[in-house]
Every structure is written in C-alpha cells, then in structure tokens.
Amino acid sequence: MKQLSIIVIITIVLTLLVASCGTKPTEPLADNPFDLKNPHTSGDPFRLTAQIANGGITLEWSNPDFEGLKSFKIYRSEHEKNMYALLTTLPVTQLQYVDKNVENAHSYWYRVTAIDENDKESGISNISAVNINTDPVLVING
C-alpha cells in the first residue's frame with residue numbers, strides 16, 4: 001500500500017512538472033543589426049562583391065544601417081570553408097578595397113565584418129569568391 005502511494009505521488013509530481021513545461025522555448029529577440037534573423041535587416045547587410053579589377057581583386061560592400069560603426073575587417077582565404085586570415089582593417093567611411101597581393105591560378109574567398117565603437121565584431125558577411133585564371137587567350141575571327 002505504501003509503495004502504491006509513493007508511485008501515485010511520483011506520477012502526480014511528474015505530470016505537474018511536464019504540464020508546467022508546456023511552453024515551447026523561443027529564440028532571443030533579434031537585436032543585433034548584423035543578425036540575418038533581425039526583422040530590420042533585409043538579407044545580408046554587407047552585400048559583399050569581389051571581382052578582378054584595378055590591378056587586383058576589388059571588394060565592395062554596403063554600409064550597414066547601424067549607428068556606432070567604427071571600422072570594417074576584411075578576411076581572405078584560399079580555401080572556401082576555413083583558414084580565413086585578417087587581411088586589413090578599414091575605416092567605416094571606406095566601402096571598397098583592392099587586394100593586390102594575389103597570384104594567377106589561385107582562388108580567393110573573402111568576407112567582411114564590422115566593428116562597433118565598443119570593439120564588438122559583427123557576424124560575417126556573405127562570402128564572395130574570385131578565381132584568377134588569366135591565361136593568354138587568342139581569338140581569331142570571333
């Protein structure tokens with residue numbers, strides 16, 4: 001009889017515990033302007049592009065609509081998924097950079113982040129890639 005009472009009490013306690021946890025957890029509010037889930041951010045705030053131009057690879061990006069930006073950091077890798085190294089840090093007024101330290105027959109992947117006045121770094125931008133293959137081409141009659 002005593003065991004039955006303990007089993008009933010444990011069952012009631014577990015039922016109450018499960019019932020009190022009925023609310024599904026929610027994600028935190030998106031307050032980071034660089035967070036793609038932030039409703040005030042439409043897609044990637046940087047819109048980074050890279051192309052062969054100006055004697056190297058020219059990178060261009062948009063200035064995210066965010067007060068307190070101090071600078072941008074440009075990262076480069078020769079591997080798509082990893083080993084990104086800091087290439088340079090630029091003032092917030094500069095939205096273009098030319099990477100002239102590139103070689104033929106190499107591929108480069110770039111991404112950019114923003115630094116705020118408290119030295120907090122944003123999440124990364126989209127990744128933009130360029131494959132340099134400037135082998136001579138001879139075109140005869142089109």
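Modeller: A residue is buried under 20% relative accessible area, exposed over 50% and partly exposed in between, with a 1.4 Å probe and protein chains only. This is a predicted model, in which local features need pLDDT of at least 70, side-chain atom pairs count only at pLDDT 80 or more, and totals for chains, interfaces and linings use all residues. Residues are numbered from 1 along each chain as its sequence is written, and side-chain values use heavy atoms, with hydrogens and water left out.

Biologist: How many salt bridges does the structure hold?

Modeller: Side chains of opposite charge can pair when their charged atoms come close. The structure holds 2 such salt bridges (a side-chain nitrogen of Lys or Arg within 4 Å of a carboxyl oxygen of Asp or Glu). In one, Lys70 pairs with Asp119, and the closest N and O atoms are 2.2 Å apart. These two residues are 49 residues apart and link distant parts of the chain: Lys70 is in strand S3 (residues 69–77), and Asp119 is in the loop between strand S6 (106–116) and strand S7 (128–132). Helices (H or I, at least four residues) and strands (E, at least two) are DSSP runs, numbered from the N terminus.

Biologist: Is Asp119 buried or exposed?

Modeller: Asp119 is exposed, at 53% relative accessibility, while Lys70 is partly exposed at 40%.

Biologist: Which side chains meet at 2.8 Å, N to O?

Modeller: Those of Arg76 and Asp99, in a salt bridge. This pair also links distant parts of the chain, 23 residues apart, with Arg76 in S3 and Asp99 in strand S5 (residues 96–99). Arg76 is buried at 16% relative accessibility, and Asp99 is buried at 1%.

Biologist: What is the order of the strands in the open sheet?

Modeller: Strands of a sheet pair through backbone hydrogen bonds, either parallel or antiparallel. Here the open sheet has 4 strands in the order S4-S3-S6-S7, with antiparallel pairing (strands pair if DSSP finds at least two bridges between them). S4 and S7 are at the edges with a single partner strand each, so one side of each has no neighbour in the sheet. From one strand to the next the twist averages 25 degrees; axes are lines fitted to C-alpha atoms, for helices over the stretch in contact, and angles run from 0 to 180 degrees between N-to-C directions. S3 and S6 run antiparallel and are joined by 8 bridges. Ser77 stands opposite Trp109 in S6.

Biologist: Which residues of the largest nonpolar core touch the most other members?

Modeller: In soluble globular proteins, nonpolar side chains tend to be buried together. The largest nonpolar core has 17 residues, and those touching the most other members are Ile57, Leu59, Trp61, Phe72, Ile74, Tyr110 and Val112. At least two core residues come from each of strand S2 (56–60), S3, S6 and S7. S6 gives the most, with 4 residues. A nonpolar core is a set of buried Ala, Val, Leu, Ile, Met, Phe, Trp, Tyr and Cys residues joined through side-chain atoms within 4.5 Å.

Biologist: Where does Met83 lie?

Modeller: Most residues other than glycine have a negative phi. Met83 is not a glycine, yet its phi is positive, about 65 degrees. Met83 lies in the loop between S3 and strand S4 (85–91) and is exposed at 61% relative accessibility. Ala105 also has a positive phi, near 65 degrees. Ala105 lies in the loop between S5 and S6 and is exposed, at 62%.
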